[in-house]
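Take a walk through this structure, one region at a time. Keep the view open as you read.

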Amino acid sequence: PGAPWGLPLDETTLPQILKEYNYSTHMVGKWHLGSHKWAYTPVYRGFDDFLGMFQGAEDYFTHYRFNGFDLRYDWLNEDGEFNEELRWDLDGIYSPEYYSQRAMDIIRSHDKSVDKPFFIYLPYQTAHNPHQVSQHYIDRYASDFRYEDEQVFAGMVSAMDEGIGNITAAIRDSGLEEDTIVIFTSDNGGSVQLKDTKTHNFTSSNYPFRGGKESLYEGGIRTPSLVWAPSRVIPGKETSSMIHVTDWLPTLWSLASLEGELEPNNPIKNKPLDGINQWGVITGQQPPRREEFPINIDPFHDGPTPESQPVPQSAIRWRDWKLIIGGGGPPFGWIPMPVPISKDTGSPHTPDIGWLSVPEKIKEDTDRDYTDYVELYNIERDPSETWNVYRQYPGVLEFLRRKLDGYNQTAVTPGDKPYDPASDPAFFNNTWMPWGEESVVKQKATFHPDDAATKEDSLCVGYCTLHYTNYKH
């Protein structure tokens, strides 16, 4: 947080496209795509309303990140005027609970008699750190896992699972089951953080895949997705076809057009699409359509240790092959599954982890110089990425190097910027606000709404145009 940049304003978002087809568009949850100016925030990027947080990694109960409260409801009224409200009233309530409730309220209030479909984007905070959940979810797993951090993580997943179940029930109860598509997907693999060096206790595992969040190995980039569409997808049908996250936009765009094409309404005027319409692949009506994608090109990637210099890192997948240059981690290793408690003995038992030697595999190789270090894997034969075969296949290596070089020719310069001290929530009544707006008055304040006679009065300390104030969209 606090960096003055975000998703470039010349990028067209999915809700902006869906507005062309008369959709109402709603966002609930974590934004984290820029908030230093209003133009970068959800309601200015295609959403009719937004309940959630601008930043990430916030407390699930207090809704603070560092010294700033960050839970708000922004919306457009019928005249297209922008309104905002800080939701101090949700202090102490577990965020996945009211996120799910908000989605259910949108669904239940939908008027089927009006020709106006809806789109809900619901990026739960779960199961991002900090790992927090209500105690009754932790208690469920007291007899399943020995360590509290594993009980908490399992409880977090259960809380999210319950919320999704309640949302799908609301869809059924509202008679929208045949007209609604639900997609559950993720942006990365589980975060594999070593909690206990003696027991090798981890918060999550992507086993048998290698690595985890922030790595270029399969444990970091391969995630499952689920599509629930009773009238369109055969229940239980699976596909292992290559689908990239950029494919969701053209896929959903095609469905919204009701024609299977990206015309006639096309708000994207200046940039080509990176994604592919994959609906026919998902439903089994078409063969695989994608055979390659660049995984990442990062000229400033952190080295394997905090003391290391940045190491340029890049990777590409083409058919069965995957090339990594500059090292695929950290994390580099294979992380075993959590150790459950035996129902017979009441004590942890050793999981069957096959050929893995845990003490050796969890020790990350931090001594190697990863500059220009090359790894080549055949993912179909070796999905766990255990055999680096770049010496055996020099032709494939050179071919994929040229492909990566081609993508790099069109790569956009990274736009990330350092922390801006002017973003300090102390200037805005200890709330996260778009500090880059000239109209925002900066004034140091430590006043909390609980100290005021009314919340409306309190919000005029440090930022006096906050509550129920209109801005033209």
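Predicted model: local features only at pLDDT ≥ 70, side-chain atom pairs only at ≥ 80, totals over all residues.

How many aromatic pairs does the count come to? The count comes to 15 aromatic pairs.

Start with Tyr44 and Phe82. Their ring centres lie 5.2 Å apart and their planes meet at 55°, so this pair is tilted. Tyr44 sits in the loop between β1 and β2, while Phe82 belongs to strand β6 (residues 81-86). The two are 38 residues apart in sequence, so the pair ties together separate parts of the chain. Both Tyr44 and Phe82 are buried.

Now turn to Phe50 and Phe54. This aromatic pair is stacked, with 5.9 Å from centre to centre and 5° between the planes. Phe50 has 0% relative accessibility, so Phe50 counts as buried. Phe54 has 1%, and therefore Phe54 counts as buried too.

Step back to the whole chain. Its secondary structure comes to 10 helices and 16 strands. The chain has 473 residues, and buried residues make up 45% of them. Look also at contacts with a separation of 6 or more: residues 24 or more positions apart account for 65% of these.

Next comes helix α2, residues 95-108. It has 14 residues, and at 1.5 Å a residue they should span 20 Å. The end C-alpha atoms of α2 are 20 Å apart, which agrees. Is α2 enclosed or open? Of its 14 residues, 10 are buried, so α2 is largely enclosed by the rest of the structure. The buried residues of α2 are Ser95, Pro96, Tyr98, Tyr99, Ser100, Arg102, Ala103, Met104, Ile106 and Ile107.

Follow α2 to α4. Two packed helices are described by the angle between their axes and the distance between the axes. Here the axes of α2 and α4 come within 9 Å and cross at roughly 5°. An angle under 35 degrees counts as roughly parallel, and α2 and α4 are therefore roughly parallel to each other. On the α2 side, the contact is made by Ser100, Ala103, Met104, Ile107 and Arg108. On the α4 side, it is made by Gly163, Asn166, Ile167, Ala170 and Ile171. By class, the contact of α2 with α4 has 6 nonpolar, 3 polar and 1 charged residues.

Another helix to visit is α6, residues 248-257. In α6, 9 of the 10 residues are buried, so α6 is largely enclosed by the rest of the structure. Those buried are Trp248, Leu249, Pro250, Thr251, Leu252, Trp253, Ser254, Ala256 and Ser257. What covers the buried residues of α6 includes α1 (14-19), β8 (182-184), β11 (226-228) and α7 (279-282). After α6 comes Leu258, whose phi is positive, near 60°.

Now for the loops and the backbone. Asn129 lies in the loop between β7 and α3. Asn129 has 36% relative accessibility, so Asn129 counts as partly exposed. Ser191 is 62 residues away along the chain, yet the C-alpha atoms of Asn129 and Ser191 are separated by 9.2 Å. Asn129 is joined to Pro130 by a cis peptide bond, with omega about 5°. Pro130 lies in the loop between β7 and α3 as well. A cis peptide bond also joins Pro330 and Pro331, where omega is about -5°. Pro331 is found in the loop between β14 (321-325) and α8 (358-361).

In helix α3 (residues 135-140), look for His136. His136 is partly exposed, with a relative accessible area of 44%. His136 and Gly155 are 19 residues apart in sequence and 8.4 Å apart in space, C-alpha to C-alpha.

Two loop residues close the walk. Ala57, in the loop between β2 and β3 (64-65), has a positive phi near 55°. Phe66, in the loop between β3 and β4 (68-69), also has a positive phi near 55°. Which is buried and which is exposed? Ala57 has 19% relative accessibility and so counts as buried. Phe66 has 61% and therefore counts as exposed.

Key. Residues numbered from 1 in each chain as written. Heavy atoms only, no water. Helix = DSSP H or I, 4+ residues; strand = E, 2+ residues; numbered from the N terminus. Expected span 1.5 Å × (residues − 1). Buried < 20%, exposed > 50% of the residue type's maximum accessible area, 1.4 Å probe, protein only. Axes fitted to C-alpha atoms, helices over the stretch in contact; angles between N-to-C directions. Parallel < 35°, antiparallel > 145°, perpendicular 65-115°, else oblique. Contact = heavy atoms within 4.5 Å. Nonpolar A, V, L, I, M, F, W, Y, C, P; charged D, E, K, R; others polar. Phe/Tyr/Trp six-rings, centres within 6.5 Å; stacked < 30°, edge-to-face > 60°.
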